[in-house]
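Here are a few notes to read alongside the structure. Please keep the model open as you go through the points.

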Amino acid sequence: RNLFYLGQIRKCLVAMIQYLKTPPSPSPSAPDNTTSKMMSVTEFLFALKLDNINLFKILRYLDRSRLPQKLLGFTNFATSVSTSGTEGGEEEKNMEGDEFMSKHISSLSIVQTFLTCLTSTQHEGKVVPEWPTRDSLSGGRGRSMKHPTLRYVSLQPSSSFSDILNEAHAVILAGGTLRPFSHVATELLAGKDDKMMQAAVDAESHVSAVLGSSNNATQMNTKEAGTKSMPQSSSIVSCVSSDLTTFTCGHVIPPSNVLTVCLSSGPTSTKLDFRHSSRSSDAVCDELGRTLLNLSAVVPSGLIVFLPSYSYEDHLVNRWKKIGLLDQLSRKKSVHREPKSSADLEAAMSKYSKEARGSGAILLSVVGGKMSEGINFADDMARCVLIVGLPYPDITDPELQEKMKSLDRSVQEKKGGISGNAYYHNLCMRAVNQSIGRAIRHGNDYAAVVLADARYASESRIWLGLPHWLRGSSGSQTIGREQSASYGRSLFGIRTFFKERTQNS
């Protein structure tokens, strides 16, 4: 029996290896000229001629025999014997490379997880084979790849989350970017719990209505749905039903500790339009550089710039070098860039932190990159966050297209949830909000948030996608949404904001 199942596992692995040895021709229309494609599980199994393999029996064998765990123990022992005479061992040498082998996760466990994914339905996810391109092999900024890979993309996370809901008495989701609730509910509940899904949609509508109302400073903010109600301040809203309870509150900082500025144009009145079709023009790049130069003169300590992509950051730096703007910036504050390698992240952070708290520093980072989530830029490390443009995902990405199609299909079939376009917009705004949240980290912290793109002021959907506490609804200061707002007035407001903070400290 062992030999039979080992032969079956070997057949699956050999088929995958052989398939990855023959990459298709790259499509000129694909993003970054990547060589990849998206397939349903059935298409993938037929392409590998594994449609006659019973994956459920293989998975049951792996689970009962505990073969992945046994293999991990054997490989760890073999590795320790072979590296006993070397310093540090092989694991430390390859921490950043694809050759890294964990001592805690069995390679066969990864295979087991992938085979489990292949037992899902065609609507739950897709298989994405990818092959390295010349750009990825050369180590370009972004996700690099040295070897062909197979990935499984989940299109319906609710399939996995439903097991948790069924087994748990209660589930608590806590975070700073969970709104809109309808977005989270679509990801975790759509098609599995229609009643709770509708409760999330109702809760989002209620919260939006309450927070959008500025007529009364204090009001009854709890929607009664067959249960108790309670009074809340205008920045605290709860919505209670028999299936779902949501709670929304403002920020821990006082409103006077944050300044929100929308910049529609720069110092020379050039429109700041960072849509993909215009953001690489010399006029827009130069205007952004001049804007950053002026900000560096009025913002104390650290100033973090979040850009839409790594490629755009490279383009800006090269342009600013060419016209001498980078040298001018360096004379105001030292300029740092987000490192390519995760191994260099700690050293880069240490250097930036030291200079930000000293003579001041500028950090060029990327929304969705290594420094936009989970990094603490408290106090002088980030007195100002400059968000450049709107980081909408690549609409031509096949994974995103498939996800949006799946959502649209659910809406058409009246299964609830949000449309593909709404999902696309929410991804962008969630990334923006994550980046903004890097700056203000405790109750006594303060920072200016500068949104550089005309769309922040002109398009209400984008403005409403920002946190309530940032939009001035809770008493915080905002500049730049009025049609009469000028760049000079915005810069004066930023200067005044920091002058007042310095006097009060």
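**Notes on salt bridges and helix packing**

1. Let's begin with a pairing: glutamate 399 and arginine 151 form a salt bridge, with their closest N and O atoms 2.3 Å apart. The term means a side-chain nitrogen of Lys or Arg within 4 Å of a carboxyl oxygen of Asp or Glu. This is a predicted model, in which local features need pLDDT of at least 70 and side-chain atom pairs count only at pLDDT 80 or more, while totals for chains, interfaces and linings use all residues. Residues are numbered from 1 along each chain as its sequence is written, and side-chain values use heavy atoms, leaving out hydrogens and water.

2. Where do the two partners sit? Glutamate 399 is in helix 15 (residues 398-412) and arginine 151 in strand 3 (residues 149-154), 248 residues apart, so the pair links distant parts of the chain. Helices (H or I, at least four residues) and strands (E, at least two) are DSSP runs, numbered from the N terminus. Glu130 joins Arg151 and Glu399 in a network of salt bridges. Across the whole structure, a search finds 12 salt bridges.

3. Helix 12 takes part in two further pairs. Its arginine 319 meets aspartate 282 of helix 11 (residues 282-298), 37 residues away, in a salt bridge at 3.7 Å, N to O. Arginine 319 counts as buried at 15% relative accessibility, whereas aspartate 282 is partly exposed at 42%. (Buried means under 20% relative accessible area, exposed over 50%, partly exposed in between, with a 1.4 Å probe and protein chains only.) Aspartate 314 of helix 12 pairs with arginine 337 of strand 10 (residues 334-337), at 2.6 Å, N to O.

4. How do helix 12 (residues 310-323) and helix 13 (residues 325-332) cross? Their axes, lines fitted to C-alpha atoms over the stretch in contact, come within 5 Å and cross at roughly 90 degrees. With angles running from 0 to 180 degrees between N-to-C directions, 65 to 115 counts as roughly perpendicular, and the two helices are therefore described that way. The contact (heavy atoms within 4.5 Å) involves Val317, Trp320, Lys321 and Ile323 of helix 12 and Leu325, Leu326 and Leu329 of helix 13.

5. Finally, look at helix 8 (residues 158-167), where Ser158, Ser159, Phe161 and Ser162 are buried. Seen down the helix axis, the buried residues fall within an arc of 155 degrees, so they line one face; the arc is taken from the directions from the axis to the C-beta atoms. These buried residues pack against helix 9 (181-188), while Ser160 and Glu167 are exposed on the face turned away.

Notes:
Parallel < 35°, antiparallel > 145°, perpendicular 65-115°, else oblique.
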